[in-house]
Amino acid sequence: MKHLVFGLLFFSTFFLNACTCSKKEDRDIAKPMSVMEAAGLVQNSFAVLLDVRDLATAKQGTPTSAVHMPEKNIEQQIAKVVGSKQVIICCDSVACGQRVSADLARKGYKASFIPSFSEWKKEGLPIRSNW
């Protein structure tokens with residue numbers, strides 16, 4: 001019984017640390033950007049804003065300048081849209097934006113993220129819906 005408890009404790013500690021390391025690694029790779037900075041970069045054609053939320057959510061509202069590209073389709077479509085520009089991820093949460101931008105950074109893209117679509121909307125930046 002002691003061995004079973006010790007084994008479970010060891011496994012859970014190892015598993016939890018592995019998950020924490022992955023999230024910390026994402027934080028180290030992917031850096032947040034203010035929505036105002038993102039809007040300026042996109043407006044001046046230095047970056048591409050990608051809305052990676054699902055289609056139904058994005059149709060309820062997305063930044064006017066954003067290209068909708070659901071997270072599941074990024075690998076197949078990103079090279080056609082981004083080229084050598086910086087990529088800025090728009091999602092529903094910091095965790096989502098951080099994860100997606102870290103994945104893109106690992107693949108060689110210059111990627112960052114805005115805190116969330118709601119922050120974009122809160123700043124009064126242009127949005128479109130029902131497209």
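**View 1. F46 in the loop between α2 and β2.** In this predicted model, F46 is placed in the loop that links α2 (35–43) to β2 (47–51). F46 counts as exposed because its relative accessibility is 55%, where the cut-off for exposed is over 50%. Leaving aside residues up to four places away in sequence, F46 is in contact with L41, K85 and Q86. Of these contacts, Q86 is 40 residues from F46 along the chain, yet their C-alpha atoms are separated by 6.5 Å.

View 2. H68 belongs to strand β4, which spans residues 67–68. With a relative accessibility of 19%, H68 counts as buried, since the cut-off for buried is under 20%. A polar atom of the H68 side chain lies 2.7 Å from the backbone oxygen of R53. Beyond residues up to four places away in sequence, H68 touches D51, R53, D54, L55, A58 and W131.

**View 3. Pairing of β2 with β4.** The two strands β2 and β4 pair in the parallel sense over two bridges. Within this region, D51 stands opposite H68 of β4; D51 is also among the residues that H68 touches.

View 4. Five strands, in the order β1-β6-β5-β2-β4, make up an open sheet with parallel pairing. Its edges are formed by β1 (31–32) and β4, each of which pairs on one side only. Helix α4 (residues 74–82) lies across β2, β4 and β5 (86–90), and runs at about 150° to β2.

Definitions and conventions:
Residues numbered from 1 in each chain as written. Predicted model: local features only at pLDDT ≥ 70, side-chain atom pairs only at ≥ 80, totals over all residues. Heavy atoms only, no water. Helix = DSSP H or I, 4+ residues; strand = E, 2+ residues; numbered from the N terminus. Buried < 20%, exposed > 50% of the residue type's maximum accessible area, 1.4 Å probe, protein only. Contact = heavy atoms within 4.5 Å. Polar contact = N/O pair within 3.5 Å; in protein donor to acceptor, adjacent residues only side chain to side chain. Pairing = 2+ DSSP bridges. Axes fitted to C-alpha atoms, helices over the stretch in contact; angles between N-to-C directions.
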